[in-house]
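Please examine the sequence and the model shown below.

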Amino acid sequence: MAPNDTAAATAMTAGAARRAKNHRADLFDVRTPTPYEIMRQRAKHHSGFLIGMSIILVVGICAIFAPWIAPYNPFDQDISRRLINPIWGPNSTWDNPLGTDAFGRDYLSRLIWGARVSMVIGIVAPAAAAVIGTTIGMTGGYFGGRADAFVMYLINTKLALPGLVVTLSLVAVFGGSMFVLICVLTFLFWDRYAIVLRTVTQQIRSQDFITAAEAIGCSRTRIILGEILPNVLNQMIVILTLEMALAILIEATLSFLGLGIQPPTPTWGNLIAEGRNFMFFKPYLVTIPGLALLVLAIAINMMGDGVRDITAPEGRN
Amino acid sequence: MISFLVNRLFIAIMVTVTVSVIAFSLLRLSGDLAAELAGDDATEAEIAAVAKAYGLDRPLYVQYLDWAGHAVSGDLGQSIFSNEPVWEILTGAVPTTAKLAVLALSLGVGLAIPLGIVAAVFQNTWIDRCALIVAVGGQAVPNFWFGLMMILLFGVILRWTPISGQETMAHFILPTITVALTTIPQKMRITRAGMIEVLQSDYIRTAKAKGLPTRSVIFKHALRNAILPVVSLTMVNFGFLLGGTVVVETIFALNGLGFEAFQAIIRQDFPVLQSVVLFISVIYILLTLVADLINARLDPRIRLS
């Protein structure tokens with residue numbers, strides 16, 4: 001009864017109208033938080049995510065500012081100061097808090113510089129793999145039919161190959177430069193994105209809003225990039241963090257086997273490989289860089305679990 | 001079922017052929033293999049002689065067809081390094097790796113399933129949290145470093161176990177633990193997730209409602225359905241571990257497939273490397289094929305979709 005309502009409203013005093021408006025505001029005008037705000041709230045209270053992020057941040061800062069943070073040049077050898085114990089061992093000095101290696105190089109400085117290789121490879125290789133794997137997976141999942149059969153064939157072939165052996169051979173053939181390592185690790189990592197995103201794309205594809213987009217004549221590019229991609233981003237990020245930890249560990253493994261970035265460049269894998277010969281009487285040469293790897297990988301995994309909880313808590317199990 | 005079978009067989013054969021091409025080309029990507037084999041200060045004539053001796057002067061597709069033809073009939077050629085037949089190197093190395101894989105998977109499954117069950121039953125308690133810490137730790141620990149730490153602790157400080165070689169079962173203790181650790185997290189998570197899902201289902205509520213003891217509900221009713229994915233994952237894991245134990249075999253001086261592959265890479269011994277890659281791939285393809293067929297036999301939805 002609109003006319004009556006209008007009449008009633010005009011009949012009210014200004015004060016009553018204001019009170020009525022305030023009352024309504026209390027009851028109904030509560031702004032619903034945007035998804036972004038909800039996620040920020042969840043992130044603030046997720047201790048695992050926060051701890052993981054802080055550790056990654058610290059390692060990242062060490063990597064970026066290594067020349068300014070490291071107390072010594074990591075390449076400077078001093079034969080008179082070789083194999084000094086870290087600060088908790090006997091005959092140690094604060095000049096070299098983590099001791100020195102067999103060439104008398106400061107171990108703390110080498111550790112800080114070593115973070116560079118790990119961080120660059122840990123970020124670039126999984127990101128490149130994400131682009132390739134997502135493209136392949138979404139193509140198969142969206143188009144189906146022959147395209148999907150071809151995608152499945154690519155994935156099956158990749159899965160059948162012994163990944164580590166192929167990686168080792170490629171690095172042995174092309175040399176252990178940063179560029180080669182990133183290319184080879186990209187090749188090693190694309191399949192998990194492809195497998196997951198193929199399935200997810202298939203599920204989303206059959207939903208009504210995609211049919212609606214098709215019905216109003218959106219182009220395929222528009223549907224894939226504008227409608228599907230935003231809905232699979234969180235899956236992508238979760239895999240990204242898993243692969244990030246894996247890439248760092250595999251880079252260290254390659255260095256350890258002598259096929260990665262070559263000495264004297266400090267990488268955590270190289271540090272362990274060089275320390276291995278002295279492991280039995282100077283265990284810290286192996287334990288320290290290994291712990292650095294372990295802590296970084298745990299931090300990345302914690303961040304990954306956190307991202308999943310924050311973006312899609314219903315998928316927690 | 002027949003069309004499903006034919007389809008899967010066709011895919012398996014396609015993948016095998018592709019893998020064989022990749023295995024064949026791995027070391028050849030370096031360019032002139034003959035020059036590498038002849039050494040740094042070899043003359044043109046020497047390089048040509050090496051190329052002729054190993055048949056490297058023929059066109060690549062002829063070399064491939066020749067190799068593939070022989071491989072099908074079981075002749076994988078000879079090692080360039082030791083002149084041993086590759087087949088004998090393979091059969092000598094497989095038992096070690098298979099033993100390590102079986103031991104590690106048994107230990108891994110033996111720990112992962114109970115951990116997963118306990119975590120699911122006591123979901124969101126401190127027990128669940130501890131299990132999660134094990135899972136995250138196992139995922140994050142650098143395998144080769146963990147192996148070295150085991151050597152340091154049990155071999156050098158405590159002197160409980162031998163640290164290298166493969167003569168007795170005792171030699172396999174440390175490698176088994178090292179490999180098992182990497183396989184635990186994924187299986188534990190899958191068991192936990194499966195159990196949580198199954199425990200919420202109607203038939204479990206019925207079982208509880210009719211008064212069955214909790215123990216029998218968990219182990220007889222829930223577990224059976226929850227561990228199905230773990231079983232097929234374990235099969236695939238076995239195929240993966242055949243080529244995935246390179247580092248552990250190197251650290252503990254086990255003469256297995258991974259170690260042979262690594263040696264072949266370092267020595268540019270292409271007949272050995274391409275055969276090892278092909279062998280591991282074929283085993284993996286067969287295992288997944290069998291797993292697919294078993295699943296299809298058990299679950300009609302898979303073969304009809």
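In this predicted model, Cys183(A) counts as partly exposed because its relative accessibility is 37%, a value between the limits of 20% for buried and 50% for exposed. Cys130(B) is likewise partly exposed, since its relative accessible area is 41%. A disulfide is a covalent bond between the sulfur atoms of two cysteines.

Chain B is assigned two domains, with domain 1 spanning 2–72 and domain 2 spanning 92–303. Their centres, taken over C-alpha atoms, are separated by 33 Å. To the contact between them, domain 1 of chain B contributes 21 residues and domain 2 of chain B contributes 18 residues. What area is buried between domain 1 and domain 2 of chain B? It is about 1,700 Å², and carbon and sulfur atoms give 78% of it. Phe4(B), Leu27(B) and Trp67(B) supply 33% of the area that domain 1 of chain B buries against domain 2 of chain B, more than any other three residues.

On the side of domain 1 of chain B that touches domain 2 of chain B, the elements giving two or more residues are helix 1 (2–25), helix 2 (33–38) and helix 4 (60–72) of chain B. Helix 1 of chain B provides the largest share of that side, eleven residues.

Side chains of opposite charge can pair when their charged atoms come close. Over all chains, the structure holds 15 salt bridges. One of them joins Asp101(A) and Arg110(A), at 3.6 Å from N to O, and both of these residues are buried. Another links Glu214(A) and Arg205(A) at 3.1 Å from N to O. Glu214(A) is partly exposed because its relative accessibility is 32%, and Arg205(A) is partly exposed because its relative accessibility is 29%.

A further salt bridge, at 3.7 Å from N to O, pairs Arg189(B) with Asp305(A). This pair crosses between chains, from helix 8 (residues 173–199) of chain B to helix 13 (residues 284–311) of chain A. Arg189(B) has a relative accessible area of 24% and is therefore partly exposed, whereas Asp305(A), at 17% relative accessibility, counts as buried. Finally, salt bridges that share partners join Asp101(A), Arg105(A), Arg110(A) and Glu274(A) into one network.

Methods:
Residues are numbered from 1 along each chain as its sequence is written. Chains are lettered from A and ligands numbered from 1 in the order in which they are written. This is a predicted model: local features need pLDDT of at least 70, side-chain atom pairs count only at pLDDT 80 or more; totals for chains, interfaces and linings use all residues. Side-chain values use heavy atoms; hydrogens and water are left out. Buried means under 20% relative accessible area, exposed over 50%, partly exposed in between (1.4 Å probe, protein chains only). Domain bounds come from an automatic or database domain assignment. Contact means heavy atoms within 4.5 Å. Buried area is the accessible area (1.4 Å probe) that two parts lose on being put together, summed over both. Helices (H or I, at least four residues) and strands (E, at least two) are DSSP runs, numbered from the N terminus. A salt bridge is a side-chain nitrogen of Lys or Arg within 4 Å of a carboxyl oxygen of Asp or Glu.
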